[in-house]
Amino acid sequence: MDSKTIKVGSRKSQLAMIQTEAVIAKLKELDPAATFDILTMETIGDQIQNVALSQIGESNLFTKELEVALADGRIDMIVHSLKDLPSTLPPEMAITAVCEREDPHDAMVLHPKHAGNPSATLESLPPGSVIGTSSVRRVAQLKRKYPHLQFQDIRGNLNTRLRKLDEADTYSAIILAVAGLKRMGWGDRISQILTPDISLYAVSQGALAVETKTNNQQLIKFISQLHHPETLLRCVAERALLRALSGGCSAPVGTHSILENNQLSLTGAVLSLDGSQYLTETQTVTLSTPIVLPKESMDQSTSYQMYSSIIAPNISQDALKAAEDLGISVATKLHENGATEILAKAKEENDSKAEKK
Ligand code: DPM
């Protein structure tokens, strides 16, 4: 990189700042001479605190203001939780780094009143216990698995949610991503990690990503060195699944993926809001090697192909294409089995709940 300062946009929340600073630290390791300015912004998602996310109905709630600043050139890059990025980006924007994933699973955090029973699980909580979450994905899966529990919305950033849990007697427990809790230093509050048999995670959960303009080639070459090949290929497949299901970040869709010995496997699940209907499909592909390209090959290309709105010039384009095709193929099978109707009905129910508010 030349010596120009890179302007980084971030949301203001403590988690967003921790994430932005973590990515900047990695970039500084790659180029100790690089300098960064952080510009913080509030997004609609930060401003609307009292309505469940799934009922606001915009797919880029946490990203819009930042993307406008990126388009204007006020900032050069944005650090996001990849799961908050819509599965389709504006054509002039792309994800140009996907960093190594934290634990992608969901976690259960207990109310302090259960402190005497630290081994409590969702299964063992008394009937009628109220669980806080605003994720339709979490509610649908947990209602199905644990009919003895009740679910109630909880909104706000992580600090607010933990305060709402601890300082009132509304919720017996809340559900959050392991990744966010760990980044905040609150891993010790996790009482139970929800394995895929209990809750499939959200597409791209636990991965941090950098968004830049598609035409900023010099910056893309620098930033794409952050790509973590395994996380990247799993997230390309997961995002392709979500896009092909036409699901936004608030659709009742769960996923699970594994990349081992060049075998990429992807599970997709679609649920009705009450969990009574449940479709799942798992498929596997073998990726051709090598997955990471030698440095020279990168400098030859002048424009980059996107896979699930991700640009990765340093990774095998065949492997990226295979990952994207895998996501589409899992979605196609789910559509054949009735996902179209289940998702349309879930959307209708969600929209009508929003109108009543
Ligand atoms: C999205 C969802 C949630 C966030 C929906 C879902 C959770 C909303 C809620 C798309 N974004 O997961 O089904 O529980 O009411 C969010 C979190 C993180 C990024 C917090 C969390 C941190 C983890 C990460 C909110 N976005 O999920 O507990 O970086 O992946």
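Trainee: Which domains does the shell around the ligand draw at least three residues from?
Mentor: Domain 1 (6-103 + 203-354) and domain 2 (106-194) each give at least three residues to that shell; the bounds come from an automatic or database domain assignment. This is a predicted model, where local features need pLDDT of at least 70, side-chain atom pairs count only at pLDDT 80 or more, and totals for chains, interfaces and linings use all residues. Residues are numbered from 1 along each chain as its sequence is written, and side-chain values use heavy atoms, with hydrogens and water left out.

Trainee: Which residues come nearest to the ligand?
Mentor: Ser81, Lys83, Asp84, Ser135 and Gly206, out of 18 residues around the ligand, each with a heavy atom within 4 Å of it.

Trainee: What does the side chain of lysine 83 do there?
Mentor: An N or O atom in the side chain of lysine 83 is 2.6 Å from a ligand oxygen. That is a polar contact, meaning a pair of N or O atoms within 3.5 Å.

Trainee: And how far is aspartate 84 from the ligand nitrogen?
Mentor: 2.7 Å, counted from a side-chain N or O atom of aspartate 84. For arginine 161, a side-chain N or O atom is 3.0 Å from a ligand oxygen.

Trainee: How much of the ligand's accessible area does the protein cover?
Mentor: 92% of the 630 Å² that the ligand has on its own, by the Shrake-Rupley method with a 1.4 Å probe.

Trainee: Which elements give two or more residues to the shell?
Mentor: Helix 4 (136-145), strand 8 (173-177) and helix 6 (178-183) do. Helices (H or I, at least four residues) and strands (E, at least two) are DSSP runs, numbered from the N terminus.

Trainee: Different topic. Where is proline 290?
Mentor: Proline 290 sits in the loop between strand 13 (278-286) and helix 9 (295-300).

Trainee: What about the phi of asparagine 261?
Mentor: Asparagine 261 has a positive phi of about 50°, although it is not a glycine. Asparagine 261 is in the loop between strand 11 (253-260) and strand 12 (263-271).

Technical notes: A polar contact is a pair of N or O atoms within 3.5 Å; within protein, one must be able to donate a hydrogen and the other to accept it, and residues adjacent in sequence count only if both atoms are side-chain atoms.
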